[in-house]
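Let's take a walk through this structure together, one element at a time. Keep the sequence and the 3D view side by side as you read.

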Amino acid sequence: METNLCVAGFGGQGIMTLGKFLADATCNSTDKNVTFFPSYGAEQRGGTANCFVVISDEIIGAPLGDIMDDLIVMNNASLEKFLKTLKKGGNLFINSSIIKNDIKRGDINVIKAPVTELALEMGNSKVLNVIMLGVYVGYTGIISPEIVWKTIESKLSGKPKLLPLNKIAFEKGIEIGKSKK
């Protein structure tokens, strides 16, 4: 089985970090093959950013396909740019705090989560990506939440003050993801 995921949004929303947490957790703690492909250009806080993560039981021949199984979008520009790449029956995860557009496709699963709003309620907008990662993991079950959390914990070990809030954010995302099944 192979899953192709695109994560897209504004620079500063932690797009690359979300993708790297998922890729690192899968690569370091499972027997699956993983490819992480960041798309760099004029990305900066407020500019666009996107990355691709491929997770497979088999060797990954081509690291980037034109068709995505799952799509995480954090803003309207990313929705417009990448929605056409999502396959029929695919999962669209949207940051409903920012994206208010109606999704015109009836052939996909739409999972809405107000991650910006939730992050602000938690007191730090920077955890919105960790909330969305939790939503994705909770909904898809692609990898164990415990494995993903261990990776987040390891990556943030140099900043231990960030761990409690990120743990709460990740658990909130897991809860939302599971509730949307």
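Val53 is found in strand 3, where helices (H or I, at least four residues) and strands (E, at least two) are DSSP runs, numbered from the N terminus. This is a predicted model, in which local features need pLDDT of at least 70, side-chain atom pairs count only at pLDDT 80 or more, and totals for chains, interfaces and linings use all residues. Residues are numbered from 1 along each chain as its sequence is written, and side-chain values use heavy atoms, with hydrogens and water left out.

Is Val53 buried or exposed? At 1% relative accessibility, Val53 counts as buried; the cut-offs are under 20% relative accessible area for buried, over 50% for exposed and partly exposed in between, with a 1.4 Å probe and protein chains only. Leaving aside neighbours within four places in sequence, Val53 is in contact (heavy atoms within 4.5 Å) with Thr3, Asn4, Leu5, Gly19, Leu22, Ala23, Val34, Thr35 and Phe36. Its C-alpha atom is separated by 6.4 Å from that of Phe37, 16 residues apart along the chain.

Now turn to helix 1. The buried residues of helix 1 include Gly19, Leu22 and Ala23, which are among the contacts of Val53. What covers the buried residues of helix 1 includes strand 1 (2-10), strand 2 (33-39), strand 3 (48-56) and strand 4 (68-73), along with helix 4 (128-140) and helix 5 (145-155).

Helix 4 deserves a stop of its own. How many of its 13 residues are buried? The count is 12 of the 13, so helix 4 is largely enclosed by the rest of the structure. Among those buried residues are Leu128, Met132, Tyr136 and Tyr139. From first C-alpha to last, helix 4 reaches 18 Å, close to the 18 Å expected at 1.5 Å a residue. After helix 4 comes Gly141, whose phi is positive, near 65 degrees.

Next, look at how the helices pack. Helix 4 and helix 6 have axes 6 Å apart and pack at an angle of about 40 degrees; axes are lines fitted to C-alpha atoms, for helices over the stretch in contact, and angles run from 0 to 180 degrees between N-to-C directions. On the helix 4 side, the residues that meet helix 6 include Val130, Gly134 and Gly138, and their partners in helix 6 include Ala169, Gly173 and Gly177. The residues of this contact between helix 4 and helix 6 divide into 10 nonpolar, five polar and one charged, with Ala, Val, Leu, Ile, Met, Phe, Trp, Tyr, Cys and Pro counted as nonpolar, Asp, Glu, Lys and Arg as charged, and the others, Gly among them, as polar.

Helix 5 also packs against helix 6 (residues 163-179): their axes come within 11 Å and cross at roughly 155 degrees. That makes helix 5 roughly antiparallel to helix 6, a term for angles over 145 degrees. Here Pro145, Val148, Trp149, Ile152 and Glu153 in helix 5 meet Leu163, Asn166, Lys167, Phe170 and Ile174 in helix 6.

Finally, visit Lys112 in strand 6 (residues 109-113). Lys112 is partly exposed, with a relative accessible area of 41%. Not counting residues up to four places away in sequence, Lys112 touches Ile94, Ser96 and Lys180.

Technical notes: Angles under 35 degrees count as roughly parallel, over 145 as roughly antiparallel, 65 to 115 as roughly perpendicular and the rest as oblique. The expected span of a helix is 1.5 Å times one less than its number of residues.
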